[in-house]
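Here is a short report on one protein chain. It goes from the overall fold to a single residue.

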Amino acid sequence: MVKCKECDAEIKILDDSIEGEIVACPDCGSSYELIKSENGFDIKPAQVVGEDWGQ
Ligand SMILES: [Zn+2]
């Protein structure tokens, strides 16, 4: 279980989830990418496709 960085709602992570999977906050709809951590999974904001971040 992780908490949304935007609204602090709890986001459920399934046992069979994999690193890189995209999860969405049930409250605010923010998208996050799962990343492996020592205690399971953590989340980071998902990159928005089409955004130009420069090279
Ligand atoms: Zn949220």
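This is a predicted model: local features need pLDDT of at least 70, side-chain atom pairs count only at pLDDT 80 or more; totals for chains, interfaces and linings use all residues.

The protein chain has zero helices and five strands. Along the sequence the pattern reads β-β-β-β-β. The chain counts 55 residues, and 9% of them are buried. Take the contacts between residues at least 6 apart in sequence: 18% of these join residues at least 24 apart.

**The sheet**

Three strands form an open sheet in the order β3-β4-β5, and the pairing is antiparallel. Strands β3 and β5 are the edge strands, each pairing on one side only. From one strand to the next, the twist averages 45 degrees. Strands β4 and β5 run antiparallel and are joined by six bridges. Leu 34 stands opposite Ile 43 in β5. In general, strands of a sheet pair through backbone hydrogen bonds.

| β3 | residues 22-24 |

**Ser 30**

Ser 30 lies in the loop between β3 and β4. Is Ser 30 buried or exposed, or partly exposed? Ser 30 is partly exposed, because 17 other C-beta atoms lie within 10 Å; a buried residue would need 20 or more, an exposed one 12 or fewer.

Which residues does Ser 30 contact, leaving aside neighbours within four places in sequence? They are Cys 4, Glu 6, Ala 24 and Cys 25. Ser 30 and Ala 46 are 16 residues apart along the chain, and their C-alpha atoms are separated by 8.4 Å.

Conventions. Residues are numbered from 1 along each chain as its sequence is written. Helices (H or I, at least four residues) and strands (E, at least two) are DSSP runs, numbered from the N terminus. Two residues are in contact if their C-beta atoms, placed from the backbone, lie within 7 Å. Two strands pair if DSSP finds at least two bridges between them. Axes are lines fitted to C-alpha atoms, for helices over the stretch in contact, and angles run from 0 to 180 degrees between N-to-C directions.
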